[in-house]
Amino acid sequence: MRGAVQAEQDELSAAKAEFAAMHERLGLAEAMARRLEEERVDLERRELALRQQEESISEETAVMARQSEELTKQLSVLRAEKIRLEEKQKELELEWDAGRTRVTQAEDHLRMARQTLQEMRDARGKFEIEKARNDSDRAHLRETCLAEVNAQPEDLIASETAFMSGEELAIAEANYREMKQKIENMGAVNMMALEEYNECEQRFSFLTRERDDLLQSITDTQQAIKELDLITKERFEQAFAAINTNFTTAFHTIFGGGTAEMRLTEADSSGDAGIDIVASPPGKRLQNVLLLSGGEKAMTALALLIAIFKYQPSPFCILDEVDAPLDEANVGRFTKLIADMSAQTQFIVVTHNRKTMETGSVLYGVTMQEPGVSKLVSVRWEGDAEPTPNAEPQPPPNKNNISACGAKTLSPHFFVH
């Protein structure tokens with residue numbers, strides 16, 4: 001029975017496989033039938049379009065045949081017209097040659113006439129120029145007679161019995177020019193000369209007094225400048241010596257040894273001297289500050305700043321991250337120096353260094369709990385009351401005049417007071 005069941009199952013599987021194959025072939029046959037049907041419809045549509053094109057081409061062929069016949073007739077007419085126009089062209093060319101010959105002759109006559117007219121115009125222009133020159137000379141002579149002799153030329157001609165000529169006329173002309181030059185050199189008679197002289201004399205006296213006053217003012221100003229230069233030089237020397245001493249002390253304190261000083265350089269062309277800073281950190285020879293390392297330059301600049309501040313202190317001093325390039329040992333010396341100076345000055349220090357924060361009595365930190373919203377937080381190292389984060393903290397009495405605020409979780413800016 002199991003064998004029979006197995007055989008039946010095998011036959012069933014084979015039948016199912018054959019059925020699936022037949023079903024697949026049936027699907028392919030149906031798809032092929034649909035495709036053939038679509039191709040048939042497409043071919044019928046193309047056949048119809050081709051028939052329509054054939055009819056259209058037949059109609060166009062008939063139209064073109066009719067047009068060809070008409071064009072052939074027009075061509076015959078145009079050929080006859082061309083022959084007629086060519087004959088007419090030859091006649092017109094002959095007439096044009098004859099006309100061109102006549103025009104050339106007329107142009108020659110016209111050119112000669114224009115040349116004659118131009119010569120006559122030039123002669124007329126010369127005559128007009130000569131006439132204008134003569135009129136101008138007569139007018140100038142009339143004005144000269146009226147200005148120099150106060151008489152009309154006609155009266156002078158009537159009064160003369162005989163006219164000079166030759167050498168006598170040249171001598172008279174020379175004498176006339178010499179006398180005229182002398183009269184012109186004398187100039188016109190000025191009736192206001194005396195008044196003008198008195199006014200010029202008064203103005204000269206006034207300007208002389210003004211000049212004397214200006215010279216005296218210049219002398220007084222130069223004397224004041226010399227006194228100011230002397231006082232400025234004395235005060236500069238005093239300040240230079242005091243700052244140099246403070247600089248040496250501050251350098252020795254910050255570096256824990258060594259020496260440093262400021263030196264005046266030679267005066268330049270303007271007479272002003274410069275200042276060179278030479279420093280010798282512990283274990284190094286004396287050299288220019290430009291030859292030091294970056295940290296040594298920063299510490300030297302800090303020492304110079306403290307020296308200048310000691311010479312002319314102020315109630316408040318703000319230091320913005322001046323301890324950033326310092327190591328731990330130098331930070332300790334720096335905080336000790338600030339603590340010594342805090343007896344007469346209130347220091348506000350912006351720092352990231354914890355050792356510097358420990359020096360102050362009040363620490364202020366800025367934090368951003370929410371994006372875009374800053375908040376001030378304070379910590380009191382001394383005092384009884386607990387500060388509130390939202391209230392402005394009141395610093396307690398501080399023996400060092402230094403306060404700091406900050407915490408590990410605050411944002412990067414800490415203010416040490």
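# Reading a predicted chain

Colleague: How many residues does the chain have, and what share of them count as buried?

Modeller: Of its 417 residues, 18% count as buried. Buried means under 20% relative accessible area, exposed means over 50%, and partly exposed is in between (1.4 Å probe, protein chains only). Keep in mind that this is a predicted model, where local features need pLDDT of at least 70, side-chain atom pairs count only at pLDDT 80 or more, and totals for chains, interfaces and linings use all residues. Residues are numbered from 1 along each chain as its sequence is written, and side-chain values use heavy atoms, with hydrogens and water left out.

Colleague: What is pLDDT, then?

Modeller: That's the predictor's confidence in each residue, from 0 to 100. Here the chain has a mean of 81, and 87% of its residues reach 70 or more.

Colleague: Where does pLDDT stay under 50?

Modeller: Over residues 384–417. Where pLDDT is low, the predicted coordinates should not be read in detail. The model does have 116 contacts beyond four places in sequence for that stretch, a contact being heavy atoms within 4.5 Å.

Colleague: Which residues touch the most other members of the largest nonpolar core?

Modeller: First, the idea: a nonpolar core is a set of buried Ala, Val, Leu, Ile, Met, Phe, Trp, Tyr and Cys residues joined through side-chain atoms within 4.5 Å. In this chain the largest one has 30 residues, and Phe247, Ile254, Met262, Ile306, Leu319 and Phe347 touch the most other members. Among the elements giving two or more residues to this core are α4 (193–255), α5 (294–311) and β5 (346–351). Helices (H or I, at least four residues) and strands (E, at least two) are DSSP runs, numbered from the N terminus.

Colleague: What is isoleucine 306 in contact with, leaving aside neighbours within four places in sequence?

Modeller: Ala250, Ile254, Leu337 and Met341.

Colleague: Now leucine 291: where does it lie?

Modeller: In the loop between β3 (287–288) and α5. Leucine 291 counts as exposed because its relative accessibility is 59%. Its C-alpha atom is separated by 9.5 Å from that of alanine 279, 12 residues apart along the chain.

Colleague: And what about phi at glutamate 321?

Modeller: Most residues other than glycine have a negative phi. Glutamate 321 is not a glycine, yet its phi is positive, about 55°. You'll find glutamate 321 in the loop between β4 and α6, and its relative accessible area of 30% makes it partly exposed.
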